[in-house]
Amino acid sequence: MKKLSKIAALALAAALSVSLAACGSSSASPSPSASAPAPSTSQPAESAPAAGEKYVVGICQLAPHVALDAATQGFKDAIEEALPGQVEFQDGNAAGDSPTCATIVNGFVSDGVDLIMANATPALQAAASATGDIPVLGTSVTEYGVALGIDGFTGTVGTNVSGTSDLAPLDQQAAMIKEWFPDAKTVGLLYCSAEPNSQYQVDVVQAELEKLGYTCTQYPFSDTNDMASVTQNAADHSEILYVPTDNTVANNAGIVDNICHGKLPVFTGEEGICAGCGVATLSISYYDLGVATGKMAVKILTGESNVSEMPIEYAPQFTKKFNEAICADLGLTPPDGYEVISAG
């Protein structure tokens with residue numbers, strides 16, 4: 001029995017070796033004369049999404065207001081154009097409450113979304129804290145180094161985070177105030193102390209204004225509870241107010257307008273705030289910023305780009321704009337080169 005078993009075993013081993021050799025020859029690379037067509041090399045395979053492949057993108061927006069809404073819409077439109085019908089959007093709006101951003105993005109992480117878009121600084125901070133694996137793209141974020149606590153920031157985060165910045169040149173914003181009011185002496189800088197990027201902006205603008213000969217005072221408020229009282233104090237002690245790109249003011253521009261309208265000129269860091277309470281601004285298109293963010297998302301989803309290698313992108317152009325109604329109430333005529341802020 002043992003001898004027969006050995007013979008049988010040898011026969012089985014021989015059969016297996018023939019079978020494996022046949023399998024190996026079938027998987028070998030074809031010769032140049034093989035009939036199988038060579039793969040196309042016109043573009044990398046990863047740059048084109050598989051037909052019908054589905055993705056889920058979570059959107060965390062800090063608050064509902066004109067600038068952030070426009071950025072979200074631009075983001076969606078860019079993705080839909082590139083990947084029609086292939087992306088499901090999960091929308092979350094924190095209604096101006098920063099801690100709610102954490103709740104929203106934690107839900108996205110639990111659902112295992114393919115990408116998170118964080119609209120505004122608190123949303124970005126929440127997303128960066130919630131995951132180190134899912135790609136995160138910020139938009140409507142002024143300065144990523146400040147927002148993420150990165151010393152010596154060089155323009156690329158280097159982790160799972162990238163995105164677009166809404167920062168308009170701060171030296172040009174200061175120069176805009178000089179252009180309108182060259183003889184004024186005092187400027188009050190009004191901002192929310194809970195927003196680190198607002199602090200960054202007023203610090204830079206103050207330094208630029210002081211170079212131009214103005215005396216500046218910062219007027220920080222903590223939230224909407226003390227916003228009116230701080231604004232009134234700033235208005236009582238300033239000839240001009242400057243408000244940076246600040247989410248709290250953007251969502252409550254009426255408070256500033258009620259105190260300053262017809263009495264005191266307010267210059268702002270972005271168009272949405274200017275439309276609500278300002279005289280003039282150096283404006284970007286938040287819709288276009290959202291489109292740029294959406295194009296970055298498409299590259300990440302399809303594997304064309306790695307988020308860790310993508311530098312922060314900035315608005316390509318800036319436009320000087322003025323609020324026609326508020327200027328009329330203050331008796332101001334805009335300098336040459338300013339466009340009126342449209343009502344729509």
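This note goes through a predicted model of one protein chain, from its overall make-up to particular residues.

1. Overall make-up. The chain has 344 residues, of which 46% count as buried, and its secondary structure consists of 13 helices and 13 strands. Among contacts between residues at least 6 apart in sequence, 71% join residues at least 24 apart. The accessible surface of the chain comes to about 16200 Å², and carbon and sulfur atoms account for 53% of that area.

2. Helix H6 and its buried face. Helix H6 covers residues 170-180, and its buried residues are Leu170, Gln173, Ala174, Met176, Ile177 and Trp180. Seen down the helix axis, these buried residues fall within an arc of 150°, so they line one face of H6.

3. Tryptophan 180. This residue belongs to helix H6, and it counts as buried because its relative accessibility is 11%, under the 20% limit. Leaving aside residues up to four places away in sequence, tryptophan 180 touches Phe267, Val279, Ala280, Phe322, Cys327, Leu332, Thr333, Pro334, Pro335 and Tyr338. Proline 265 lies 85 residues from tryptophan 180 in sequence, while the C-alpha atoms of the two are 9.9 Å apart in space.

4. The structure holds four salt bridges, and in one of them glutamate 179 pairs with lysine 320, with 3.2 Å between the closest N and O atoms. Glutamate 179 lies in helix H6 and lysine 320 in strand E12, so the pair ties together parts that are 141 residues apart in sequence. Both partners are partly exposed, glutamate 179 with a relative accessible area of 34% and lysine 320 with one of 31%.

5. Aspartate 336, as seen from lysine 320. Aspartate 336 is placed in the loop between H13 and strand E13 (339-340), and at 74% relative accessibility it counts as exposed. Aspartate 336 and lysine 320 are 16 residues apart along the chain, and their C-alpha atoms are separated by 9.7 Å.

6. Two further salt bridges. Aspartate 91 forms a salt bridge with lysine 76, the closest N and O atoms being 3.0 Å apart. Since aspartate 91 lies in strand E2 and lysine 76 in helix H2 (residues 66-82), this pair ties together parts that are 15 residues apart in sequence. In another salt bridge, the side chains of glutamate 208 and lysine 211 meet at 3.5 Å, N to O. Glutamate 208 and lysine 211 are three residues apart in helix H7, and are therefore separated by about one helical turn. Glutamate 208 is partly exposed, with a relative accessible area of 22%, whereas lysine 211 is exposed, with 64%.

7. Glutamine 206. Helix H7 also holds glutamine 206, which counts as buried at 16% relative accessibility. Not counting residues up to four places away in sequence, glutamine 206 touches Leu189, Cys216 and Gln218.

8. Aspartate 246 is found in the loop between E8 and helix H9 (247-251). This aspartate is buried yet has no salt bridge, and the nearest side chain of opposite charge, that of lysine 321, is 21 Å away. A polar atom of the aspartate 246 side chain does, however, lie 2.8 Å from the backbone nitrogen of cysteine 192. Not counting residues up to four places away in sequence, aspartate 246 touches Tyr191, Cys192, Glu195, Ser198, Phe221 and Ile273.

9. Alanine 95 has a phi near 55°, a positive value in a residue other than glycine, and it lies in the loop between strand E2 (87-93) and helix H3 (98-111). Serine 140 likewise has a positive phi, near 60°, but its place is in strand E4 (residues 136-141).

Methods. Residues are numbered from 1 along each chain as its sequence is written. This is a predicted model: local features need pLDDT of at least 70, side-chain atom pairs count only at pLDDT 80 or more; totals for chains, interfaces and linings use all residues. Side-chain values use heavy atoms; hydrogens and water are left out. Buried means under 20% relative accessible area, exposed over 50%, partly exposed in between (1.4 Å probe, protein chains only). Helices (H or I, at least four residues) and strands (E, at least two) are DSSP runs, numbered from the N terminus. The arc is that of the directions from the helix axis to the C-beta atoms. Lys and Arg count as positive and Asp and Glu as negative; His and the chain ends are not counted. A polar contact is a pair of N or O atoms within 3.5 Å; within protein, one must be able to donate a hydrogen and the other to accept it, and residues adjacent in sequence count only if both atoms are side-chain atoms. Contact means heavy atoms within 4.5 Å. Accessible areas come from the Shrake-Rupley method with a 1.4 Å probe; for residues, only the protein chains shown count as cover.
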